[in-house]
Amino acid sequence: MEFDTSQDAYEALRDIVSERTSSVVAWVGSGLSVPAGHPTWPQLKARVVSALRNKPTSLAEADGDKLRISAERVEKEKNSWLALQIGRRTVGATTYREVIREALRPAIDAPVPDAYRYLWRIRISGLLNLNLDRLATKAFASVFPNRTPIEFNGGQAAGLTHVLKSPQRYIVNLHGIAEDASTWVFTKTDLEGLLANEAYRTFIRSCLSTNTVVFLGISADDVAVGGHLETLSRLGVDTGAHYWVTDRNDLETDRWAEKVGVRVIRYSASDEVHSPLHFLFDDLLGFVPEDDTHTAPPVVITELPVSTKDLPSPRKLLREDTESIRRMLNVRAKEILSDGGPLGYEEYDRFCREYDEAIYRAWYTSAEPGWNRLLGYTLVKDVASGAFGRVYRSKAADGRDVAIKVLREDIRRDPGLLHAFDAGFARCTS
């Protein structure tokens, strides 16, 4: 079944993603990792119950009866946080730890589900992860093979809230990682301890206040997530809308979401891998706003040389200084794209592949003396950064003060984002 793209909430989110009017952060739960074998809450509880029922066979009858009663209590407890707390206390810390590790092991070694790669491809700024499997980290490495995200656990948020202002992407493993049991947040006591951490609460609320958050594979009304939204709502804080992608279609869910500033995007889960989500992501990646279909002409620095018929080979070009590399590459790009036809763009793609390393080198900019020349301009100060690039206060050759925005290097490899930048420039210059 295809995803319904006509939902008002989805259209609003799609505009945000395509036009980058707000930085987008994904908050993901076990639903995204289930295709890789990550256990759900009921499955974790069932594992602990099984361990409790198996243990009495080696104990005295009276003690075995106590464990069997505890197993029944855990099985009947509807609050998953409390159920696992009772289970950990009665089955024993060591057995509990190994049961959880065994339950998590399949997802740790499994192939990464497509949904994680899709999230990074739509250029989210960060990912808040309730899963312990680190599949989000593996997905990042496959989408950005030469980059490393800022990654930390929920308990470390005190010293890392500044990442919300950083252009570098980040992953926060809110409830720990599988390899380190001391970071796990599975029980009522674990969760209460995390939520009692003022720095952690500040981090989450800052994230909700400064980003558009998309909840996926998650019960957003769970106290571990929804509690933050409810607190902000109770304080009268308007963070702007967030979005919850879910297969729940009951009115109670809708009422809760409306109360705490969340818009619900619904889909029908017809299979275990929730195929409509793939259609949703494909649509997000391929969408171009109607008023952005015109293309801005190439921007050319007029004082550049007029020809590069003798452009050095890629290896020889790398021996030149950065400013010379820029000048020669820009002139060659102008020559290739001068007619604006499809053959020119094909040749331009070949040119970019052949001179990829030189282009990467040419992208380097800094306001530091000795590195602050850019195609005839002098970069004076790094003043701002955004989803698409960095802005420098600069000086033209004639002494005029100008602002120069340098596109982020990784965007040149993404046709969708490159088009969005190009279309945004066209709107500013039309």
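About 60 Å³ of space lies in the largest cavity of this predicted model. A cavity here is a set of points on a 1 Å grid, over the protein atoms alone, where a 1.4 Å probe fits but cannot get out. Its volume is the space filled by probe spheres set on those points. The count comes to one cavity of 30 Å³ or more.

What lines it, by class? The lining has 12 nonpolar, no polar and no charged residues. Val, Leu, Ile and Phe are among the types counted as nonpolar. Lining residues have an atom within 4 Å of a point. Among them are Leu13, Ile122, Leu216 and Phe281. Helix H1 (8-19), strand S5 (212-216) and helix H12 (276-286) each give two or more residues. H12 gives the largest share, three residues. Helices are DSSP runs of H or I, at least four residues; strands are runs of E, at least two.

A word on ground rules. Residues are numbered from 1 along each chain. Local features need pLDDT of at least 70, side-chain atom pairs count only at pLDDT 80 or more, and totals for linings use all residues.

Next, helix H8, residues 188-195. Asp190, Leu191 and Leu194 are buried there, meaning under 20% relative accessible area with a 1.4 Å probe, protein chains only.

Last, Thr183. This residue lies in the loop between strand S4 and H8. Thr183 counts as buried because its relative accessibility is 16%. Its side chain reaches the backbone oxygen of Asp180 at 2.7 Å.

Methods. Side-chain values use heavy atoms; hydrogens and water are left out. Buried means under 20% relative accessible area, exposed over 50%, partly exposed in between (1.4 Å probe, protein chains only). On a 1 Å grid over the protein atoms alone, a cavity is a set of points where a 1.4 Å probe fits but cannot get out, and a pocket is an open set with protein on both sides within 12 Å along at least five of seven lines; lining residues have an atom within 4 Å of a point. A polar contact is a pair of N or O atoms within 3.5 Å; within protein, one must be able to donate a hydrogen and the other to accept it, and residues adjacent in sequence count only if both atoms are side-chain atoms.
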